[in-house]
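Thanks, everyone. Let me put the structure up, and then we go through it briskly.

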Amino acid sequence: MCIRDRVDTSSPSAVGRVAWGDVIEAAAFQLASARLVGVLVRDPEAVLARLNPVKRAVASANRGLADTPVWINALGLPAEDVALLINDYRESWAVAHGGPQ
């Protein structure tokens, strides 16, 4: 994910830059003891295709959790709040850029 040229590199499974126009929705998930934010994208296969083989394997496995290869560890923040912020920003971006809402 990228806000103002900041790209998610928070973990080995980070997929890097995802265009806001490709984001459908973010949602908080509980996976074992971790709270994560899954970011649903319009074309998960396109995200996977641009990754190197190792990241593609990890992201493909992560995709099985909620049909998305894009996951963000909220790193101690409330995952629900992070998902809400992502969704609010995405909606604002869509209005400003004429993208899908």
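First, a term. Buried means under 20% relative accessible area, exposed means over 50%, and partly exposed lies in between, with a 1.4 Å probe and protein chains only. Now the ground rules. This is a predicted model: local features need pLDDT of at least 70, side-chain atom pairs count only at pLDDT 80 or more, and totals for chains, interfaces and linings use all residues. Residues are numbered from 1 along each chain as its sequence is written, and side-chain values use heavy atoms, with hydrogens and water left out.

Start with Asn62. Its relative accessible area is 18%, so it counts as buried. Asn62 sits in helix H2, residues 53-66. Helices here are DSSP runs of H or I, at least four residues; strands are runs of E, at least two; both are numbered from the N terminus. What does Asn62 contact, leaving aside neighbours within four places in sequence? Ser13, Thr68 and Trp71. Contact means heavy atoms within 4.5 Å.

Now the whole chain. There are three helices and five strands. From the N terminus the order is β-β-β-β-α-α-β-α. Of 101 residues, 39% are buried.

Next, the core. A nonpolar core is a set of buried Ala, Val, Leu, Ile, Met, Phe, Trp, Tyr and Cys residues joined through side-chain atoms within 4.5 Å. The largest one has 19 residues. Val15, Val70 and Ile86 are among those with the most contacts inside it. Helix H3 (79-97) and strand E3 (23-31) are among the elements supplying at least two residues each. H3 gives the largest share, four residues.
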